[in-house]
Every structure is written in C-alpha cells, then in structure tokens.
Amino acid sequence: MPPLFNRRPEPGLTTALPLVPLPLAELLVRVRQTVETRFAESYWVVAEIADLTLPRHDGGHCYLVLTDQHVTGRGAQLKAQARATIWSQRFQQLAPAFLEHTGQELCLGLKVMLRVQVKFHEQYGLSLDVLTIDPSYTVGDLARQRLETVRKLEAKGLLERQKQLPLPLGPQRLAVISSPTAAGFQDFVQQLGESPYDFAVTLYPATMQGTESPASILAALDAIRPRRADFDAVVIIRGGGAKTDLLAFDDYGLAAGVGSFPLPVLTGIGHERDEAVLDLAAHLALKTPTAVAAFLAERLARLDAVFSGYADQIRGLAARQLDAAHDLLTQAGRYVHRAAQAQLHEHRAGLHQRMRAAATVPRQQLQQQHRQLSRHRHGLHRAARRALGQQQQQLRTFGRTLAQRFRRLHRRRREQLLRSRYQVQLAAERLLHRAQLRLAQLNVAPFPDAPTLARHGYVQLITDHQQPEAALQPGDEVRLLLPHLTLAAQIVDRTPHLAPPGASPASSAPTP
C-alpha cells in the first residue's frame, strides 16, 4: 500500500524508490474513509442559518448553509461555514414538529441546534446530514431576543410613553392600520357599524404578516403622522393566524415606532394567549379586532350614560330651581301687588290734593297775570308814542339829509351831462366837417329822384303842408309812399343825412 503522503528526502539519505503520485480520486476516497472512520457518530451543533433552499415540491430536499461567528479569547473574530442537507423524508418530519414547538418556520438568520453527521463525497466535498433539530433551543433564543427587545424599549422609556398619552373620552375619528382584505378588519368595521354611534374610519393599508410587515406598518404610521390632528387614535388590527405570523410584531423598530407615536395606539392582533412586544408598547392592547371595536363602542356608551346621568341631574336641578323661582316669583308678585296698591292709594290722595290746589292757584295766577298785562298795556302805549316820536324825528332828519345829498348829486350829474353834451356836439361837428370835405372831393353820380327811388323799392315822403323837409320837426305827421302801399307816420326824431352834391335831400325814415 503506498504512503498516504509524500515526504521530502532526509539529508544524507538516498531514496531507493522513486516517488509515486496518487490520483485525486484515490486521495479523496481515503479522506472519505478517514472521515467515516473518525466521525462515525453524530454530533449536536449550534449554528445560524445563513442560506436556505426549501423544497419546491413534495419529495424535495432542504439545503442549508450554516455559519458560526464568535470572538475568541484573544479578540479575533472566528467564522466557520458548512453546507447541510435535510433529506426529503426527514424534512417532512422535522419541519412540522419545529413549527409546532417554536411557532416559527425555518428561515434565514435563525439560530438552531442540529444533530448532524459529517459526510464527505469525492465530488461534492464536505457536508453535514441533519438528523434532528432541537426546537427548545430556538424557542429559548427567540425568548432571549424578545427579552432584549423589551429591555431596550424600557431603557428608552418607550414602554410607558404611549400609556401616558390621554385617550379622548369619545374616540370616533380612527386611523386603522390593517390589510383591507383581512377578515379581522371586516369584523371590526361590522362591529362598529352595529353600534349606535357614528365612527369615522380611515384605512391605511399595510402588510400584516411576514418579514415585510414591520416596514409596512411603520410606513402607514409615517403617513398618519402629518394628519394626526384629524384623528383621535390609531388602531392596528389583524385577524387570527398561525403563531409564526405574530413574530413580526416583536420587531424592535416597529415597537419603538409605536411607542414614540404622538397619538394613542390600540392593538387587536388576534391572539388569545401570547402577548407581542407591540402590545407592550401600545397605549392599550386587546385580543382581537372585535374586542377593539367593542371597547370603543362601550367607551362611548359609558360616556353616553355619564352624559345621560348629568342630563338627569341638570334636569332635576333645573326643576328644583324652577320651583324655587316660581315660589319666589309668587311671593314677589304678592308683595308687588300690595306695594302697588299702597302706592296707588298714596298717589290718588296726592292727586286729589293737587286737583284742589290746581282749582285755586290758576285763578290767582290768572288775576295776577291780568294785572301785569294791564300794566304792560299802559306801558306799551307810552313806549310806542315815545318810539314813534323818535322815529319821526329821525325820519325828518334823514329826509333833509337825503334832499341835500340829492341836490348835490343832481347838480353834479347835470354838470357832467352838459360837459358830455358839449364834447359830443364838438366831436359831431368835427366829424361832419371832415365828411363834408371828403364828399366834396368825391365825383359821385347824381342822386335819383323820388319817383325813381319809389319805383325801385325806396320810400317817398309826402307831407300835407307845403314846407321843406328840413322844416319838419318831431311830432309832425307825414305819409310814406311805398311801391304798393301808403303808410301814415309821425316823426319822433331827426337824424342828419349827408347827400351827394346836386341831389335832393332825403328825409330820415320816421318810425310808424
């Protein structure tokens, strides 16, 4: 049998036989035989699932990648990794049992305790065959994680912050975070609809199970936060489900988001025995969505009953006050009636006295006024005569003064008129002289006779006296001969008219 490994030749020694190489397959067969001999038994291993491939169909196998990371005593980080396989028949037994005991399916990041057997294959290398799984270890690890989450929330004060928020007496404006197709949400809405109170429900859809549930619920809370003034409380509800569906509600980020939310948060996650970390951080945790709806309706019913009791008390108090006020008004009415009767008698007696006094006082006042009027009448006659004499004397004085002023003004006006008349006559004579000089210089055709003028539409003057026209004076009567009519007229004024040399003078047209 050839050696399992090749050695270097030692110094000073010569090899009698040449080196014989081993085929890889033979070497790996020896490794497999050694592993089977050395690791014939099975071992309990604690590891974390780093990768997982679940069976895609019945009869399929489950493939895992197990890792182990820890820090050594010297502070170095040590990491180990190995492939593992759960064969189909064994997986059909182990998976349901693990789910029943832990409430959790196999998933990435889960720490498990496995009983494995070391296997080596020439083609696929080293792997571990999973023989069984201890669910109690996983349950303990989940409990430890949950306890750590609760301690972190408690250290930051997030377990009591929600409980310090005041829940309104009658919360009716509700922001509900749930799946719109969940039966729990339908039961919640139906329970509220059967109550006699009007609730305003606004749904914010979210995924309520699976690994995406915490992020989806936090996104719904972020959508509610800007509109927190529109709501009285936030309700997180879901229907019943497997125990594994509740693990998402133990998430630290989700519990911290609920614990720091500014509105009271009510939860109805649909579990009867277990309590999620989310329930601990909420303002109030109820078992089911129907229980949340019943709590809200019952709270309004209690408030309604309190208000009804207050109304009865107010009604009774008002009735007692009305009775007391009625008695007081009755007494006051009787007192007012008696007081009014007494005042009426008193005023009636006073009125009679005034009437008797009024019958004598006016006569005395009338006589006194008559005597005063008589004195005033005589005084007025004397004062009127004196005033009249004074006015007459003033009028005479004023008349003499006016006459003197009028004479002075008349004399002054007459002198002004004479001067104006003289100036006008002088200017007229100058103008007449100048006109005569200009007319003498002109060579004008002879002026037509009277018949010609009459024939052409001009007026002919006919007098009754055989006197020249120049001798006519204002007030003389004349006749005017027109082409088809003769008019009688009277001269009221004379205006000189210059005629050209050699022409017979024409008289000025009189005014009829």
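R407 is partly exposed, with 48% relative accessible area; on this scale, buried is under 20%, exposed is over 50% and partly exposed sits in between, using a 1.4 Å probe and protein chains only. The model is a predicted one: local features need pLDDT of at least 70, side-chain atom pairs count only at pLDDT 80 or more, and totals for chains, interfaces and linings use all residues. Residues are numbered from 1 along each chain as its sequence is written, and side-chain values use heavy atoms, with hydrogens and water left out.

R407 lies in helix α8, residues 289-441. Helices here are DSSP runs of H or I with at least four residues, strands are runs of E with at least two, and both are numbered from the N terminus. For patches, residues need over 30% relative accessible area and no salt bridge; like charges are joined within 9 Å, and nonpolar side chains (Val, Leu, Ile, Met, Phe, Trp, Tyr) within 5 Å.

V306, F307, Y310 and I314 make a nonpolar surface patch of about 410 Å², with areas from the Shrake-Rupley method and a 1.4 Å probe, where only the protein chains shown count as cover for residues. V306 itself is partly exposed at 38%.

Now for the inside. Strand β8 (residues 233-237) has 5 of its 5 residues buried, so the rest of the structure largely encloses it. In a regular strand the side chains alternate between the two faces of the sheet. Here A233, V235 and I237 are buried on one side, and V234 and I236 on the other.

Strands count as paired if DSSP finds at least two bridges between them. β8 runs parallel to strand β6 (residues 173-178), with 4 bridges joining them, and it pairs in the parallel sense with strand β9 (residues 265-268) over 4 bridges. V234 is the bridge partner of A175 and also has V265 in β9 as a partner.

In the loop between α5 (213-224) and β8 you'll find R227, which is partly exposed at 38%. Its C-alpha atom is 9.7 Å from that of A175, although the two residues are 52 apart along the chain.

**The antiparallel strands**

Elsewhere, strand β1 (residues 42-53) pairs with strand β4 (residues 111-121) in the antiparallel sense over 7 bridges, with S42 opposite Q117. β4 and strand β5 (residues 125-134) are antiparallel too, over 9 bridges, and R115 stands opposite T132. A hairpin of 3 residues joins β4 to β5.

**Salt bridges**

The whole structure has 6 salt bridges, counted when a side-chain nitrogen of Lys or Arg is within 4 Å of a carboxyl oxygen of Asp or Glu. Among them are these:

| Pair | Closest N and O atoms |
|---|---|
| R30 and E26 | 3.0 Å |
| R32 and E122 | 2.5 Å |
| D232 and R173 | 2.9 Å |

D232, in the loop between α5 and β8, and R173, in strand β6, are 59 residues apart, so to speak linking distant parts of the chain. D232 is buried at 13%, whereas R173 is partly exposed at 35%. R30 and E26 both lie in helix α1 (residues 24-38), 4 residues apart, about one turn of the helix. R30 is buried at 11%, while E26 is partly exposed at 32%.
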